[in-house]
Amino acid sequence: MNIIIIGAGDIGFHLCSKLIEDENNCTIIELDPLIAQKAGEHLDAHIIVGSGTSYKILQNAKISSADIFIAVTQNDELNLIACMMAKKSGVATTIARIRNPEYFSMKPTDFGVDLAIHPELEVANAVIQLVRQSSATDYFEFENGKIKIIGIRLEDNFDYFGDTLIKLSKHFAHIPLRILAIKRNDTTIIPKGYDTLEKGDRIYVVCGSQHYKETLKFFGKINANINKVMIVGGGLVGQYIAQELEKRVSVKILESNEMKANLLAQNLNKSLVIHADGTDIDLLLSEDLSEMDEFIAVSGDDETNIITSMIAYQMKVSRRIIMVKNVDYLRLSSALGVDSILCKPLISVNVIRQFIRRKKHASFAEIPGCDAVILEMEANYKSKIIKKPLSEIKIPSDVLFGAILKRNNQFEIPTGSTQIEAGDKVIVFYQPGLLKEIEKLF
């Protein structure tokens with residue numbers, strides 16, 4: 001497909017990289033020459049310096065032949081105007097980044113936008129989901145929650161370190177689950193039967209919704225009751241999180257900017273707003289950091305979020321979640337003493353890619369810091385994988401069929417003798433670069 005992206009900032013840059021990886025032709029329009037230069041040095045895309053609302057620039061970008069138009073600058077009005085112009089030029093699908101909540105009181109289609117993406121709200125929703133699933137480091141749902149994929153860090157309360165997965169499977173034979181991947185230090189392992197689990201591993205497990213709690217328990221995890229939460233960062237992300245969590249738990253939120261802190265106090269009903277620097281150790285101690293059930297760092301500064309989470313780790317806070325903008329930090333979650341790390345640009349990128357792929361794939365997700373992709377594919381009568389056992393199908397070595405939701409809504413963990421039928425939905429776990437091979441099978 002031919003795709004035009006307006007804005008080469010954090011979201012635009014990473015989005016373009018992923019769309020090129022998916023074998024699309026991309027053009028980026030960026031007003032700032034330095035940002036455009038960086039994009040040109042790192043991306044195999046056509047780079048144009050100029051405004052996304054200039055009709056001359058859009059013509060230069062061949063707007064008439066574009067299949068998808070995506071405006072993700074930090075200027076809501078520019079994004080909306082650009083999408084309106086793209087629609088008038090005949091582009092079928094338009095996507096806009098919008099931060100101002102007032103614009104969401106109207107339908108995106110009123111602005112010529114097919115998908116409106118709110119990065120701060122997307123991050124906040126991801127954090128809230130993790131708080132609700134307090135034992136998981138990562139959490140994904142497919143088929144309206146019927147299939148769950150959870151990240152679990154293995155600690156002392158797991159009983160089977162050193163066992164091969166073949167041996168381990170005998171211990172959970174009564175639970176339909178599958179270990180899809182093992183993240184060990186900086187390495188992602190698509191496991192085979194002879195692989196073993198080690199303390200500190202982060203594993204990714206697929207199970208049916210009815211076996212979720214049982215799966216957690218097997219790996220030594222029990223969802224804890226969350227009563228006290230501390231949030232560092234009172235921007236839009238922190239505000240959205242606090243607004244939701246304060247309905248059920250006690251929330252303290254720290255913000256270093258006095259104006260933002262005052263605005264928070266007006267917008268929150270029950271949360272305690274503290275005007276303070278989140279890296280002030282004495283302050284954190286005086287605010288009972290060690291008694292918190294959950295620590296969430298979502299300020300606009302990556303280093304502040306990392307430092308405060310390390311302080312929380314030293315204070316034995318049970319769970320720590322942080323937000324970062326720098327993708328490189330994703331691989332350092334173990335070293336940083338963080339349970340869950342969310343990358344703001346990549347969350348938005350995933351939402352946009354999910355929307356673009358909606359015609360081909362039911363659901364799609366990438367795991368932050370893990371070289372693996374989760375994809376839901378539906379078999380049809382023309383698929384190569386139907387009507388024969390999986391053992392007879394040539395599946396790439398770094399591709400794993402994790403679970404099947406049958407046409408009758410029955411959840412199944414596939415084996416070599418499993419036969420997929422037309423209408424079955426398959427959860428496919430694979431390492432990047434193999435999408436075309438998977439699509440050929442389906």
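Reader: Which residue of strand 11 stands opposite Ile 152?

Author: Ile 152 stands opposite Ile 203 in strand 11. Strands here are DSSP runs (E, at least two residues; helices are H or I, at least four), numbered from the N terminus. Two strands pair if DSSP finds at least two bridges between them. Strand 11 (residues 202-208) pairs with strand 8 over seven bridges in the antiparallel sense. The model is predicted, so local features need pLDDT of at least 70 and side-chain atom pairs pLDDT 80 or more, while totals for chains, interfaces and linings use all residues. Residues are numbered from 1 along each chain as its sequence is written, and side-chain values use heavy atoms, without hydrogens or water.

Reader: How many bridges join strand 7 to strand 8?

Author: Five bridges join strand 7 (residues 138-142) to strand 8, and the two run antiparallel. Asp 138 stands opposite Gly 151 of strand 8. In the hairpin of these strands, with four residues between them, Glu 143 takes a positive phi near 55°.

Reader: Is strand 8 enclosed or open, and why?

Author: Buried means under 20% relative accessible area, exposed over 50%, and partly exposed in between (1.4 Å probe, protein chains only). Seven of the seven residues of strand 8 are buried, so the strand is largely enclosed by the rest of the structure. Ile 147, Ile 149, Gly 151 and Arg 153 point one way, whereas Lys 148, Ile 150 and Ile 152 point the other.

Reader: What describes a pair of aromatic rings?

Author: The distance of the centres and the angle of the planes describe such a pair. Rings of Phe, Tyr and Trp (its six-membered ring) pair if their centres lie within 6.5 Å; planes under 30 degrees apart count as stacked, over 60 as edge-to-face and the rest as tilted. The structure holds ten aromatic pairs. Tyr 103 and Phe 111 have ring centres 5.8 Å apart and planes at 90°, so this pair is edge-to-face. Tyr 103 counts as partly exposed at 21% relative accessibility, and Phe 111 as buried at 12%. Phe 158 and Phe 218 also form an edge-to-face pair, with 6.3 Å from centre to centre and 75° between the planes. Phe 158 lies in the loop between strand 8 and helix 6 (165-171), and Phe 218 in helix 7 (residues 212-218), so the pair ties together parts 60 residues apart in sequence.
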